[in-house]
Amino acid sequence: MAARREITGFSNPTVKALRALREKKHRKAAKRFLAEGLRLLTDARECGHVPEVLVLATGRDPHPLLAELEIAVETAGGEVIETSPDILAKITGKDNPQAVAGVFAEFDTSLAALDRTSADIWLVAQALRDPGNLGTMLRTGDAIGAGGLILIDDCVDPFSVEAVRASMGAIFTQKLAQARWEEFEPWLRTGPGQLVAASLRDAQPYRNAPYAAPCFVMVGNESRGLPEEYELACDLRVTMPMKGRADSLNAAVAAAVLGYEVLARFES
């Protein structure tokens with residue numbers, strides 16, 4: 001059965017440990033991350049991810065999904081903590097926190113953990129720096145039925161509070177991998193997989209391009225785009241028309257446009 005206790009002091013060591021998970025070095029050391037909100041935690045539970053620690057705000061309104069979440073944590077032998085909304089706000093770093101937060105073990109993010117044949121579409125992001133863009137790409141992957149998101153080189157931490165929040169639960173529905181380019185390219189070439197880049201270099205229109213499954217749709221850094229070496233290593237480079245003054249799309253938006261185009265091709 002789960003341990004259950006109440007915390008009333010800001011200086012409690014558990015509060016400090018949970019609050020520290022907002023910092024990357026502490027997340028990496030603990031191999032744990034924070035997620036907040038009943039809907040997000042419910043999505044996690046329905047995908048087989050139960051929090052090791054469940055933190056509840058005192059005075060919260062009862063909800064059947066919250067009751068189910070508590071039962072799941074208790075059954076798994078986790079810990080349920082009740083504390084004040086002010087202390088929960090300190091833990092999450094949010095002035096108006098939702099009534100529940102959870103601590104999860106980080107996933108296996110190795111390329112070896114991926115089954116490329118499990119989906120026709122995969123999203124790839126290189127040197128992505130904005131947690132909102134990362135969360136949006138996870139949500140896009142969920143929407144188009146992608147297998148997951150592969151982060152190449154030095155990307156923002158996908159387990160940061162901001163990225164997890166921006167994913168709206170998709171971090172639990174999508175596979176997630178992290179690798180250097182020097183690892184990713186050889187891995188990709190050991191099996192089936194077409195690498196497609198959003199590019200201006202010898203690119204063809206993204207409509208009616210010859211996409212093939214499994215298709216790995218790759219976008220680059222928000223300001224620099226993809227390195228030339230990476231673009232040249234792609235099987236297909238595609239471009240999207242820009243009718244206005246802007247010369248490029250937001251990285252996450254570009255991934256969504258291409259992802260839906262590939263989906264439409266495979267479903268036609």
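Please bear in mind throughout that the model is predicted.

I shall begin with the sheet. Five strands make up an open sheet of mixed pairing, and their order is β1-β4-β3-β5-β2. Which strands stand at the edges? They are β1, residues 3-7, and β2; each has a single partner strand, so one side of each is left without a neighbour in the sheet. On average, and with direction ignored, neighbouring strands of this sheet are turned by 20° against each other.

Let us look at one pair within the sheet. Strand β3, residues 53-57, and strand β5, residues 100-105, are paired in the antiparallel sense over four bridges. Leu54, for instance, has Gly102 in β5 as its bridge partner.

I turn now to the helices that lie across these strands. Helix α3, residues 38-46, lies across β2, β3 and β5, and runs at about 35° to β5. Helix α4, residues 64-75, lies across β1, β3, β4 and β5, and its direction is about 145° to β3.

Next comes a contact between two helices. Two packed helices are described by the angle between their axes and the distance between the axes. For helix α1, residues 13-20, and helix α5, residues 85-92, the axes come within 7 Å and cross at roughly 40°. The two helices are therefore oblique to each other. In this contact, Val15, Leu18 and Arg19 of α1 meet Ile87, Lys90 and Ile91 of α5. By class, the contact has four nonpolar residues, two charged and no polar ones.

How many cavities of 30 Å³ or more does a search of the whole structure find? The search finds one. The largest cavity holds about 70 Å³ of space. Its lining consists of Leu34, Ala35, Glu36, Leu40, Thr92, Val161, Val164 and Arg165. Strand β2, residues 32-36, and helix α7, residues 161-166, each supply at least two residues of that lining. Five of the lining residues are nonpolar, one is polar and two are charged.

Helix α8, residues 170-173, and strand β8, residues 175-179, are the elements that give two or more residues to the lining. The largest share, three residues, comes from α8. The lining of this pocket divides into six nonpolar, three polar and two charged residues.

How values were computed. Residues are numbered from 1 along each chain as its sequence is written. This is a predicted model: local features need pLDDT of at least 70, side-chain atom pairs count only at pLDDT 80 or more; totals for chains, interfaces and linings use all residues. Side-chain values use heavy atoms; hydrogens and water are left out. Axes are lines fitted to C-alpha atoms, for helices over the stretch in contact, and angles run from 0 to 180 degrees between N-to-C directions. Angles under 35 degrees count as roughly parallel, over 145 as roughly antiparallel, 65 to 115 as roughly perpendicular and the rest as oblique. Contact means heavy atoms within 4.5 Å. Ala, Val, Leu, Ile, Met, Phe, Trp, Tyr, Cys and Pro count as nonpolar, Asp, Glu, Lys and Arg as charged, and the others, Gly among them, as polar. On a 1 Å grid over the protein atoms alone, a cavity is a set of points where a 1.4 Å probe fits but cannot get out, and a pocket is an open set with protein on both sides within 12 Å along at least five of seven lines; lining residues have an atom within 4 Å of a point. Grid points are joined across faces, edges and corners, and a volume is the space filled by probe spheres set on the points. Two strands pair if DSSP finds at least two bridges between them.
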